[in-house]
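The sequence and structure come first, then the notes by topic.

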Amino acid sequence: AIEFPRPILAMSLKSDPQAAANFTFPSDDPNDPMAVQNQRDSAVRESWVKIMSARELRDAVRECYRKEGVNFPEKCKPIAMAYMEAIKQPQFSGGIGKQIENEKAKRAAHAAAAAASE
């Protein structure tokens, strides 16, 4: 890799804002604070991409519901299932996906208890 002196690097980043936004310092050292920050930034970017795609799916479900009217259960089910899978991801840990999982677990436990008592 070519090592640029800091003033040249700073000048090139000022002239191109896109390059500045995507620039990362090359390092594999876990003790390097810039490497740790780059990893955090990358994780945040990935998380936001997942969140925004879930929002787009939510908007698609809303639009499908409005457009299809009484036929929405049949027509919108694939989109709704994709949305439910998207919000089950860890970054939505406190959201509706977690509430639905908790309700399913309660129902399963109740059904198991009812079957055991019979």
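**Salt bridges and other contacts**

Arg 58 and Asp 59 form a salt bridge, with 3.7 Å between the closest N and O atoms; the term requires a side-chain nitrogen of Lys or Arg within 4 Å of a carboxyl oxygen of Asp or Glu. The model is predicted: local features need pLDDT of at least 70 and side-chain atom pairs count only at pLDDT 80 or more, while totals for chains, interfaces and linings use all residues. Residues are numbered from 1 along each chain as its sequence is written, and side-chain values use heavy atoms, leaving out hydrogens and water.

**Salt bridges**
- The structure holds two salt bridges.
- Arg 58 is partly exposed at 29% relative accessibility, and Asp 59 is partly exposed at 40%; buried means under 20% relative accessible area, exposed over 50%, and partly exposed in between (1.4 Å probe, protein chains only).
- Lys 88 pairs with Glu 85 in a salt bridge whose closest N and O atoms are 3.6 Å apart.
- Lys 88 is partly exposed at 33%, as is Glu 85 at 45%.

**Disulfide**
- There is one disulfide, defined as a pair of cysteine sulfur atoms within 2.5 Å.
- Cys 64 and Cys 76 form the bond, with their sulfur atoms 2.0 Å apart.
- The pair links distant parts of the chain, twelve residues apart: Cys 64 is in helix H3, and Cys 76 is in the loop between helix H4 (72-75) and H5. Helices are DSSP runs (H or I, at least four residues), numbered from the N terminus.
- The S-S torsion of Cys 64 and Cys 76 is about -95°, so the disulfide is left-handed.
- Both Cys 64 and Cys 76 are buried.

**Aromatic pair**
- One aromatic pair is counted; ring centres of Phe, Tyr and Trp (its six-membered ring) must lie within 6.5 Å, with planes under 30 degrees apart stacked, over 60 edge-to-face and the rest tilted.
- Tyr 65 and Phe 72 have ring centres 4.7 Å apart and planes at 75°, so they are edge-to-face.
- Tyr 65 is partly exposed at 48%, and Phe 72 is partly exposed at 34%.

**Helix H5**
- In H5 (residues 77-87), the residues Tyr 83, Ala 86 and Ile 87 are buried.
- These residues cover an arc of only 90° around the axis, so they lie on the same side of H5; the arc is taken from the directions from the helix axis to the C-beta atoms.
- Lys 77 and Pro 78 are exposed on the other side of H5.

Technical notes:
Helix = DSSP H or I, 4+ residues; strand = E, 2+ residues; numbered from the N terminus.
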